Amino acid sequence: MKRSRGFTLVELLVVIAIIALLISLLLPALAKARQNARSLKDKVQQKQIHQAMLTFANDNRERLPTPGLIDRLPDPNFNNQDVSGSGPQDYTQNTTENLYSAMIALEFFQPELVIGASEVSPLIKEYTEYNFDAYEPASDDYWDEDFEADIDGSDSGVSHTSFAHMALCGQRRKIFWKSTAPSGKVMLATRGTKDGVFSGSGEDADEYNRSPVLQLHGPEKEWQGNVCFADNRVEVAKNFVPNGSNYEPIDQLGLQRDNIFNSEWMDFADQDGGTGNGSGDNWTIFARTAERNECDAITDELLP
C-alpha cells in the first residue's frame, strides 16, 4: 500500500509564516475598526445625554438641567425654609458631578451612559452602585452625593463620567443653557486639554502631548473628538475650533471662530461690572466648583 505523504517541516514553517503575515496585515485594520466603532458609540451616547436634557427642558421652561435650580437656596418668601422648586438659584451647585448625578437620580439615563466608549483614563470608572433612594426632595436631597467627576485625581481620585459640558456660569448659562439655544452653541463634548492648548511645542508641550485626551479618538498624539451642538447634532471635530462653533461679539465685528475649551471672549459683563469667565462664548469643561460668574475648570491628570 502507498503511504500518504505529510507536510515537511519546511512546508509547515512556510504556512505558519504566511498565517503570521496575514494576521499582521489584518490586526491594524481590526484595531482601526474597533476604534471607529467605539467612537461611533461615544457619539451616540452624547446625543442620548443631550436628548434627555432636552426632554427635561420641556417641563422646566426650556431650561436644561441646572443643579442650582434643582437644589436651591432657602426661600426668603417662606421664612428661609428649603422649599423644593422654590428659592434663589444656588450657583455653587452647578458642578459636573451634580449635573450628571441629578439627571441619573431623576432616571433620565443610567450611570453607564456617561462613560465614553473610547475612555482610556484609569481614573474614570462607571458608578455601579448609584443610590436612587438618595432622591428625597422633601428632605432637600436631590441626588447621590457620592457620584464624582474628579478627572485630575486631586480630590476623590475617581470620575464617574467622561464628558465635558457647557460651563454653567456667567451669561452662557443664563442665555444659552436652554433648549432654544442657537445651533452653534456647544452643549457636550469630548474633553480637551488645559485651557484649550492645541500646540505640542514650546511651554505648552506637556499640557498637550501628555494629555490622555489625545488617545480617545483618531490617531494617537492628535486630538479628535465628538461635539454635541444645541440642535442635538453630534459632529466629529479634529481641532478645538470645530466648524459651526462661532461666537458673535456684541461689538458687531462679525463671527469669530471659537476655541471650545477656552473662555477667550470676555465682553459680557457680570453683575459686578467685571467679565471674569462670565462670557457667552462656547466653553466646555469639567467644573469642580462654580459661582455665579466663575467656574473652576479641571482637566485630566497628565500621563508620565
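# Close-up views of a predicted model

Read along the sequence, the chain runs α-α-α-β-α-β-α-β-β-β-β-β-β. The model shown in these views is predicted. In total the chain has 5 helices and 8 strands. The C-alpha trace spans about 105 × 50 × 35 Å along its principal axes.

**View 1. An open sheet is built from 6 strands.** The order across the sheet is β4-β3-β2-β1-β7-β8, and the strands pair in the antiparallel sense. The edges are taken by β4 (234-237) and β8 (295-298); each has a single partner strand, so one side of each has no neighbour in the sheet. On average, neighbouring strands of the sheet are turned by 40° against each other, direction ignored.

**View 2. Strands β1, β2 and β3 are joined by antiparallel pairing.** Strand β1 covers residues 164-166 and strand β2 residues 186-189, with 2 bridges between them. At this pairing, His165 stands opposite Leu188 of β2. On to the next pair, β2 and β3 are joined by 3 bridges. Here Ala189 has Val227 in β3 as its bridge partner.

**View 3. Strands β3 and β4 form a hairpin with 4 residues between the strands.** The two strands run antiparallel and are joined by 4 bridges. Asn226 has its bridge partner, Val236, in β4. Within this hairpin, Asn232 takes a positive phi near 75°.

**View 4. Strands β7 and β8 form a hairpin, with 4 residues between them.** The pairing is antiparallel and extends over 4 bridges. The bridge partner of Ala290 is Cys295 in β8.

View 5. A disulfide is a covalent bond between the sulfur atoms of two cysteines. The count for this model is 1 disulfide. Cys169 belongs to the loop between β1 and α4 (170-176), whereas Cys295 is in strand β8, so the pair ties together parts that are 126 residues apart in sequence.

**View 6. Helix α1 packs on the sheet.** This helix covers residues 9-58 and touches β2, β3 (225-229) and β4. The direction of α1 makes about 20° with that of β3.

**View 7. Helix α3 lies across β1, β2 and β7.** The helix covers residues 96-105, and β7 covers 284-290. Relative to β1, helix α3 runs at about 90°.

**View 8. The largest pocket has a volume of about 410 Å³.** It is lined by 18 residues, and those closest to its centre are Phe56, Asn60, Leu69, Ile70 and Arg72. By class, 9 residues of the lining are nonpolar, 4 are polar and 5 are charged.

**View 9. The largest cavity has a volume of about 40 Å³.** Rolling a probe the size of a water molecule over the atoms shows where empty space is left. The structure holds 1 cavity of 30 Å³ or more. The residues that line the largest cavity are Asp42, Gly116, Ser118, Glu119, Ser162, Phe163, Thr190, Arg191, Leu216 and His217. This lining divides into 2 nonpolar, 5 polar and 3 charged residues.

**View 10. Glu119 is one of the residues that line the largest cavity.** Glu119 sits in the loop between α3 and β1. Apart from neighbours within four places in sequence, Glu119 is in contact with Ile124, Ser162, Arg191 and Leu216.

Conventions:
Residues numbered from 1 in each chain as written. Predicted model: local features only at pLDDT ≥ 70, side-chain atom pairs only at ≥ 80, totals over all residues. Heavy atoms only, no water. Pairing = 2+ DSSP bridges. Axes fitted to C-alpha atoms, helices over the stretch in contact; angles between N-to-C directions. Contact = heavy atoms within 4.5 Å. 1 Å grid on protein atoms, 1.4 Å probe; cavity = no way out; pocket = protein on both sides within 12 Å on 5 of 7 lines; lining within 4 Å. Points joined across faces, edges and corners; volume = space filled by probe spheres on them. Nonpolar A, V, L, I, M, F, W, Y, C, P; charged D, E, K, R; others polar. Disulfide = S-S within 2.5 Å.
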